[in-house]
Amino acid sequence: MNPYDRRLFAGVDIGGTTTQVVLCDDDLTVLDRAGTATPAAQGGPAMIRAALDTLAPLLERTPGRLVGCGVGAAGVVDSATGRILVASDSFTGWAGFGVTDAVQDALGVPAFLDNDVNAFLYGETSGGAVRGEPDVLGITLGTGVGGALWSGGELFTGPHGAAGEIGHIPGFGDLLCSCGGRGHLETLASGRSIGARYAERTGRRLTAREVAEAAGRGDEDALAVYRAAGAGIARAIVMTAGVVDITTVVVGGGVSHAWPLLNPVVLAALADEPPVSGHPVRLVRSGLGADAVPVGAAARARRELVASCPV
């Protein structure tokens, strides 16, 4: 095939801190990628403009024809209308914004919207650490904490698009969450919260990565913060397994870079308090890393377009 005739699928990950963009072929092989800072305080149009400005050079230098674009976006989304329903206080002018309309108008191709964690799970089940597995909980530990469910080999979003959102279920203390609630897992396990919990203990402001580095040097306060995060993650896994009987959990996001700290804590907590089924839950780290969300978004676009027009 002439490379200029091949179909291209764009995938966009709009996170609270960074925006990642990939360009994939029909096999979802990443042909090119780029990233930029997310202008989260400047509103929806600015955020979409930043993403498309990052995509433009990739399209210019990659032979082929763009046929679709998938977007994974932070917040609760309505995939049917392509709009953001609920966003955290990390964003300004994001709730209510019509993402797919803006992308379609700019690119002239069909666009599809998913919650970023749903897109992450699409990516990991399409070609990542849990490829082909039927029942999976996906957890992303980034600026916030997100969750998504894969059930019977399909993404399960629920009637309101919020299924699997274990980051915002109460029962993890009484700290104020970014969403306005209290005692959510996000107050313990997000990157922002890990830094905040360490500052409360020490008076020193560090990033989650810096807290992890301190823990690696034996800093007891840093270790305590990560132990609390790991214990919270384990409890969320047990709760989910008790409701929907998942067999596997895949964890991604920036905080998962501290896997050597989190993994043993989560596994130990799961051993102490196993799922009600009596069967162990397999815990794995993301296989696609930073590509998981944008590749998953591209996978969603490919799936929709192949279903509607298999060419």
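What follows is a short exchange about a sheet, a cavity and a salt bridge.

Modeller: First, the ground rules. This is a predicted model, where local features need pLDDT of at least 70, side-chain atom pairs count only at pLDDT 80 or more, and totals for chains, interfaces and linings use all residues. Residues are numbered from 1 along each chain as its sequence is written, and side-chain values use heavy atoms, with hydrogens and water left out.

Colleague: How do you know that strand 9 and strand 10 pair?

Modeller: Strands (E, at least two residues) and helices (H or I, at least four) are DSSP runs, numbered from the N terminus. Two strands pair if DSSP finds at least two bridges between them. Strand 9 (residues 145–151) and strand 10 have three bridges, in the antiparallel sense. So they count as a pair. Trp150 stands opposite Leu155 in strand 10.

Colleague: What makes strand 10 and strand 12 edges?

Modeller: Five strands form an open sheet in the order 10-9-8-11-12, with mixed pairing. Strand 10 (154–156) and strand 12 (282–285) each have a single partner strand, so one side of each has no neighbour in the sheet.

Colleague: Why is the space lined by Ile233 and Val251, among others, called a cavity?

Modeller: The test uses a 1 Å grid over the protein atoms alone; a cavity is a set of points where a 1.4 Å probe fits but cannot get out. Grid points are joined across faces, edges and corners, and the volume is the space filled by probe spheres set on the points. By this rule there is one cavity of 30 Å³ or more.

Colleague: Which residues line the largest cavity, and of what kind are they?

Modeller: Lining residues have an atom within 4 Å of a point. Here they are Ile233, Val251, Trp259, Leu262, Val266 and Leu283. Ala, Val, Leu, Ile, Met, Phe, Trp, Tyr, Cys and Pro count as nonpolar, Asp, Glu, Lys and Arg as charged, and the others, Gly among them, as polar. So the lining has six nonpolar, no polar and no charged residues. Helix 8 gives the largest share, three residues.

Colleague: Why is the link between Asp32 and Arg61 called a salt bridge?

Modeller: The rule asks for a side-chain nitrogen of Lys or Arg within 4 Å of a carboxyl oxygen of Asp or Glu. Asp32 and Arg61 meet at 2.5 Å, N to O. So the pair qualifies. Asp32 lies in strand 3 (residues 30–37) and Arg61 in helix 1 (residues 44–61), so the pair ties together parts 29 residues apart in sequence. The count comes to 12 salt bridges.

Definitions and conventions
On a 1 Å grid over the protein atoms alone, a cavity is a set of points where a 1.4 Å probe fits but cannot get out, and a pocket is an open set with protein on both sides within 12 Å along at least five of seven lines; lining residues have an atom within 4 Å of a point.
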